[in-house]
Amino acid sequence: MPADPAVEIVDLVKAYGPRRAVDGVSFTVPRAAVLALLGPNGAGKTTTVEICEGFRRPDAGTVRVLGLDPTRDAAALRPRVGVMLQAGVGGYTAASAQELVRLFASYAARPQDAAQLLDTVGLTDVASTPVKRLSGGQQQRLSLALALVARPELVFLDEPTAGMDPQSRRRTWELIRTLRTDGVSVVLTTHLLDEAEQLADTVVVMDAGRIVAQGSPAELTRSGAEGQLRFRAVAQLPVDQLVDVLPPGTKAQEELPGRYVVIGEVTPDLIATVTTWCAGQRVLVENLSVERRSLEDVFLDLTGREVRA
């Protein structure tokens with residue numbers, strides 16, 4: 001496998017007049033990995049991706065895509081990179097889905113079979129349908145097929161499941177997982193935080209042109225957040241005595257009669273301490289569950305805005 005990462009960005013800057021749309025951004029996308037780029041509208045995600053795709057030039061910093069400069073080496077990169085735009089399939093509205101995939105396949109040195117690819121994205125039944133008659137979700141799936149027809153090493157997916165029904169969305173998730181397994185690198189921009197949480201190896205959160213957090217979904221949801229351990233038992237347990245045996249800073253309370261919550265860093269040792277203490281009280285613990293904050297909670301904490309703000 002090549003030593004170079006799929007994407008490497010160092011101190012990237014892009015300004016429009018006095019405003020820096022991208023302000024010193026740095027991150028790396030390893031080979032055969034999925035990176036999700038998140039942020040409210042205007043955060044700089046699209047500009048960053050368009051620079052990686054060679055559509056815009058940076059003002060400062062370095063960008064390498066598959067080891068090459070995306071602007072200077074655009075001709076060499078084009079056959080190796082797939083791009084799925086949120087705008088869909090462009091102006092090819094009179095062509096059928098099948099004709100469009102075959103057209104794009106004709107440009108590729110080693111294309112996928114058009115019929116098989118349409119089946120993979122769930123469009124076999126509408127293969128002969130003109131693009132203009134496809135639903136928004138079907139056009140999204142067609143756009144995905146066009147991005148993949150040339151067997152790229154790296155794909156940029158902009159809101160890949162926008163407008164899709166739940167079944168098509170899940171199918172697309174499985175396809176993205178298969179791409180990673182097959183060694184393809186994926187850069188994913190999405191407003192669907194559960195999508196990022198399900199698919200991404202690394203999440204990069206941008207706001208106002210800067211990176212405000214990056215890490216795996218597990219690292220981001222765990223970092224700086226208190227977890228909650230909930231359980232049911234008999235009412236009126238002496239929770240002050242439970243707190244005495246818990247780690248410093250951990251809280252416990254009876255929210256409703258017989259319903260308890262322990263708030264703090266939830267670890268195996270904490271769970272063992274709680275259940276051991278309850279056993280010492282000759283109390284049976286029921287419905288024990290661990291709750292952590294979601295990626296959406298992290299996003300709101302970092303940006304102070306809804307994801308579509």
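Reply: The largest cavity holds about 40 Å³ of space. The structure has one cavity of 30 Å³ or more. A cavity here is a set of points, on a 1 Å grid over the protein atoms alone, where a 1.4 Å probe fits but cannot get out. Grid points are joined across faces, edges and corners, and the volume is the space filled by probe spheres set on the points. This is a predicted model: local features need pLDDT of at least 70, side-chain atom pairs count only at pLDDT 80 or more, and totals for chains, interfaces and linings use all residues. Residues are numbered from 1 along each chain as its sequence is written, and side-chain values use heavy atoms, leaving out hydrogens and water.

Thr120, Val121, Arg141, Leu144, Ser168, Arg171, Thr172 and Leu175 line the largest cavity. The most comes from α6, with four residues. Lining residues have an atom within 4 Å of a point. Helices (H or I, at least four residues) and strands (E, at least two) are DSSP runs, numbered from the N terminus.

Next, the ties. A salt bridge joins the side chains of Glu195 and Arg169 at 3.9 Å, N to O. Glu195 sits in α7 (residues 193-199) and Arg169 in α6 (residues 166-181), so the bridge ties parts 26 residues apart in sequence. Glu195 is buried at 0% relative accessibility. Arg169 is buried too, at 19%. Buried means under 20% relative accessible area, exposed over 50%, and partly exposed in between (1.4 Å probe, protein chains only). A salt bridge needs a side-chain nitrogen of Lys or Arg within 4 Å of a carboxyl oxygen of Asp or Glu.

Arg31 and Glu153 form a salt bridge at 3.3 Å, N to O. Arg31 lies in the loop between β2 and β3 (34-38), and Glu153 in the loop between α5 (136-148) and β6 (154-158), 122 residues apart. Arg31 is buried at 14%. Glu153 is partly exposed at 29%.

Asp23 and Arg210 meet in a salt bridge at 3.0 Å, N to O. The two are 187 residues apart, with Asp23 in β2 (residues 19-29) and Arg210 in β9 (residues 210-215). Asp23 is buried at 17%, while Arg210 is partly exposed at 48%. The whole structure has 14 salt bridges.

Last, one more helix. The 13 residues of α10 (residues 268-280) should span 18 Å at 1.5 Å a residue, and the end C-alpha atoms are 18 Å apart, which agrees. The expected span is 1.5 Å times one less than the number of residues. Leu270, Val274, Trp277 and Cys278 are its buried residues. Their arc is only 100° around the axis, which puts them on the same side of α10. The arc is that of directions from the helix axis to the C-beta atoms. An α-helix has 3.6 residues a turn, so residues three or four places apart point the same way. The buried residues of α10 pack against β10 (227-232), α9 (239-245) and β12 (259-264); contact means heavy atoms within 4.5 Å. On the other side of α10, Pro268, Asp269, Thr276, Ala279 and Gly280 are exposed. Just after α10, Arg282 takes a positive phi of about 55°.

Technical notes:
1 Å grid on protein atoms, 1.4 Å probe; cavity = no way out; pocket = protein on both sides within 12 Å on 5 of 7 lines; lining within 4 Å.
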